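Here is a short report on one protein model. Keep the coordinates open while reading.

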Amino acid sequence: MEAVAFWVLAVAAVGSGVAVFVVDSMARATFALLALFLCVGAELLLIDLHYLGVLVILMMIMEMLVMVVFMVMYMMNPAGLMPMTMLHNKRGAFAISGAAFAALAAGIFAIPWPRRAGRPPGDPTFALGESIMGPKMLVMMVIGIAILATMIATVVLATHRGRYDRDGAS
């Protein structure tokens, strides 16, 4: 069952990645990119990296929604929904991406892969966090909450008028 879910998510991720460049508006491309990241987050959940999976899902939802909000506010066309092309310099992009793919695919077969030494850790999420952050993981978690509180406070302080308060009229 997990293998089927893996392949379904993998195909959905690739399809969403292609959709980023096929759809004809920035807002739609952003939601296609969000779908791609949600598939990747679900893949991380499948391989028992629960913390990273949830982190990717939550971060990408917020990041993509903020990006869409800024597109709606600041783009010249209405809400980033006007038709446009997402491809520029098609020949150069295809040449570069094809060469990068060929080099990476050749690297898979050309590099001698190391053998596993020892057993996998009992809690891979803890082991990954410990190897990345060391003993500073608790500090980073507190800083993350402080950053979130700062973002919320900034939005609250920036909107001094209510939703229905137009031009100072109550």
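## Serine 16

Serine 16 counts as buried, because its relative accessibility of 12% falls under the 20% cut-off. The model is predicted, and this value is computed from it. Serine 16 sits in helix H1, which covers residues 2-22.

What does serine 16 touch, leaving aside its neighbours within four places in sequence? The contacts are Ala32, Ala35 and Leu36. Helix H2 runs over 26-46.

## Helix H3

H3 takes in residues 50-74, 25 residues in total.

Which residues of H3 are buried? They are Gly53, Ile57, Met60, Met64, Val68 and Met71. Helix H2 is included in what covers these buried residues.

## H2 against H3

Two packed helices are described by the angle between their axes and the distance between the axes. For H2 and H3, the axes come within 8 Å and cross at roughly 175°. That angle is over 145 degrees, so H2 counts as roughly antiparallel to H3. By class, the contact of H2 with H3 holds 21 nonpolar residues and four polar ones.

## The loop between H2 and H3

Aspartate 48 lies in the loop between H2 and H3. Its phi is near 65°, a positive value in a residue other than glycine. Most residues other than glycine have a negative phi.

Is aspartate 48 buried, exposed or partly exposed? Its relative accessible area is 46%, so aspartate 48 is partly exposed: the value lies between the 20% and 50% cut-offs.

## The aromatic pair

How many aromatic pairs does the structure hold? There is one. Phenylalanine 6 and tryptophan 7 form it, with ring centres 5.2 Å apart and planes at 85°. Planes over 60 degrees apart count as edge-to-face, so this pair is edge-to-face.

The two partners fall into separate accessibility classes. Phenylalanine 6 has a relative accessible area of 33%, so it is partly exposed. Tryptophan 7 has 56% relative accessibility, over the 50% cut-off, and therefore counts as exposed.

Conventions: Residues numbered from 1 in each chain as written. Predicted model: local features only at pLDDT ≥ 70, side-chain atom pairs only at ≥ 80, totals over all residues. Heavy atoms only, no water. Helix = DSSP H or I, 4+ residues; strand = E, 2+ residues; numbered from the N terminus. Expected span 1.5 Å × (residues − 1). Buried < 20%, exposed > 50% of the residue type's maximum accessible area, 1.4 Å probe, protein only. Contact = heavy atoms within 4.5 Å. Axes fitted to C-alpha atoms, helices over the stretch in contact; angles between N-to-C directions. Parallel < 35°, antiparallel > 145°, perpendicular 65-115°, else oblique. Nonpolar A, V, L, I, M, F, W, Y, C, P; charged D, E, K, R; others polar. Phe/Tyr/Trp six-rings, centres within 6.5 Å; stacked < 30°, edge-to-face > 60°.
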